[in-house]
Amino acid sequence: MSALPTVAVVGFPNVGKSTLVNRLAGGNEAVTGAEPGVTRDRKRLRCEWNGVAFELIDTGGIDLGDEAELASDVQAQARLAIAEADAIVLVVDARAGLRAGDAELARTLRGSATPVVVAVNKADRPNDYAVTAEFHGLGLGEPLAVAATHGLGSGDLLDAIVTALGERPPQEDEDDSVRVAVIGRPNVGKSSLVNAFLGSDRVIVSDRAGTTRDAIDTELEVEGRRVILVDTAGLRRRSKVAGSVDYYAQLRSERAVERADVALVVCDAGEGVTAEDLRAAEMAMKAGCASLLVLNKWDVTDTDIDDARARVARKSRLRPAVITASAERGRNVPSLLPRALKLADKAGERIPTPELNRFVADVVARNPPPSKRGRRLRLYYAAQIGERPPRVAIQVNDRKLINRDWAYYLENRMRETYELEGVPLVIDFVPHSGRRGRPD
């Protein structure tokens, strides 16, 4: 888990918790919307104020009077955030005034030894400051007037949070972690798989599609290495979610992939590998992210795994491995993250230049490039010029002579030889400079 202190941001639904978290963290990572209940899971965002770093935990709205199943799950997640937090920010709504739900939640917080800061949000009108005084009745100390949308009072709130956290030894950031994004269509079992990795109900699982809307980061240790696991909202075509809160959740899922080292593309085994699944893998490839396809719910299907793997080999340039799994029964779950770590390592490896040139010469000897108008492509010198993803530059006599099918053949042989299946691979054919040496 993170070595940084944590601050849980809690409150009644639709009081502006996610907007406030975005304001304090200086970004737009948490999904916000006008309707209540947009945030459902716990989401962590790093924040720093006056040299003190901590993590804000954005939680779903707590309405203790709502007995619906999903509402109960959201409340359970918020309670877990409260239990693990070093400080708590209770957000209330200045315009709604002091409500019974606020008082009920405050009674729960008063029973905790964790320090609590009361933030009276939406206080952007002159008379709102007078309303702030009534929140003294919560019995949690001096309420602070803030307006998350405009940033009013955010500095005072951050001062109060740092004071509540108290003196702590400085922590060194760890930058050797591997980020693994769990992506896929809605309701294929992404959150169930994350919970199976963690051995706990870290994220909400529901049969209702679209339960997860934010990209939820969780840290864990795998084979002695730090892994940041990211559960994302279900990926859909943008045209299907345009104009809705799910559109912004979709954007955050895409950004999560861009920041990840490896993507576990979760598919429903009962449906096989669909065009939408392959589109998700393609998105990961374009973002420079290695991929592994996971056929989840394998215990309740009779899908032909060989057929699924053949389809992926035909349709995806990345040629990711296809693994069967069952989040519910635990089948193959322990092996998935080690496989992801191996992919991340492969994406960061460098191929020695002499070895790479011997490989290219061997490929050309076995299957020379086809001639074009009587001329044949000649490959002079190859060198790896980048990693994560691997990038190779090959000097050639004339780029116009490159045959697309042969270039794919070379790429596939390189994947097979250096175990780069599922790893994005970029091959640049550059004009021969007239001298031997590494391309610029």
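Me: How does α12 pass α13, in a left-handed or a right-handed crossing?
Reply: Helix α12 passes α13 in a right-handed crossing. Keep in mind that this is a predicted model.

Me: Okay, and what numbers describe how those two pack?
Reply: Two packed helices are described by the angle between their axes and the distance between the axes. For α12 (residues 353–366) and α13 (residues 404–418), the angle is about 130 degrees and the axes are 11 Å apart. That angle makes α12 oblique to α13.

Me: Which residues in α12 and α13 meet?
Reply: From α12 you have Glu355, Leu356, Phe359, Val363 and Val364. On the α13 side, they meet Trp406, Tyr409, Leu410, Arg413, Met414, Thr417 and Tyr418.

Me: How do the residues of that contact divide into nonpolar, polar and charged?
Reply: Nine residues in the contact of α12 with α13 are nonpolar, one is polar and two are charged.

Me: Let me zoom out. How many helices and strands does the chain have?
Reply: The protein chain has 13 helices and 17 strands.

Me: And what share of the residues is buried?
Reply: There are 440 residues in the protein chain, and buried ones make up 51% of them.

Me: What about the accessible surface?
Reply: The accessible surface comes to about 20,200 Å² for the protein chain, with 45% of that belonging to carbon and sulfur atoms.

Me: What share of the contacts is between residues 24 or more positions apart?
Reply: Taking the contacts with a separation of 6 or more, residues 24 or more positions apart account for 70%.

Me: Back to helices. How do α1 and α5 pack?
Reply: Helix α1 (residues 17–25) and helix α5 (residues 154–165) pack at an angle of about 85 degrees, and their axes are 10 Å apart. This makes α1 roughly perpendicular to α5.

Me: Which residues make that contact, and of which classes?
Reply: Leu20, Arg23 and Leu24 are the α1 residues, and they meet Ser154, Leu157, Leu158 and Ile161 in α5. The contact of α1 with α5 has five nonpolar residues, one polar and one charged.

Me: Now Cys47. Where does that residue lie?
Reply: Look in strand β2, which covers residues 43–49.

Me: Is Cys47 buried or exposed?
Reply: Cys47 is buried, because its relative accessible area is 3%, and buried means under 20%.

Me: What is Cys47 in contact with?
Reply: Leaving aside neighbours within four places in sequence, Cys47 is in contact with Leu24, Ala25, Val52, Ala53, Phe54, Leu56 and Leu158.

Me: How far is Cys47 from Thr6?
Reply: Their C-alpha atoms are separated by 9.8 Å, and the two residues are 41 residues apart along the chain.

Me: Where else is phi near 50 degrees?
Reply: Glu223 has a phi near 50 degrees, a positive value in a residue other than glycine. Glu223 is in the loop between β8 (216–222) and β9 (225–231), and counts as exposed at 61% relative accessibility.

Me: Which residues does the cis peptide bond join?
Reply: That bond joins Arg388 and Pro389, with omega about 0 degrees. Most peptide bonds are trans. Pro389 lies in the loop between β15 (379–386) and β16 (391–396).

Me: Two threonines to finish. Where is Thr114, and is it buried or exposed?
Reply: Thr114 is in the loop between α3 (100–110) and β5 (116–121). Thr114 is buried, with a relative accessible area of 16%.

Methods:
Residues numbered from 1 in each chain as written. Predicted model: local features only at pLDDT ≥ 70, side-chain atom pairs only at ≥ 80, totals over all residues. Heavy atoms only, no water. Axes fitted to C-alpha atoms, helices over the stretch in contact; angles between N-to-C directions. Helix = DSSP H or I, 4+ residues; strand = E, 2+ residues; numbered from the N terminus. Parallel < 35°, antiparallel > 145°, perpendicular 65-115°, else oblique. Left-handed = near helix turned anticlockwise from the far one by under 90°. Contact = heavy atoms within 4.5 Å. Nonpolar A, V, L, I, M, F, W, Y, C, P; charged D, E, K, R; others polar. Buried < 20%, exposed > 50% of the residue type's maximum accessible area, 1.4 Å probe, protein only. Areas by Shrake-Rupley, 256 points an atom, 1.4 Å probe, with all protein chains shown as cover.
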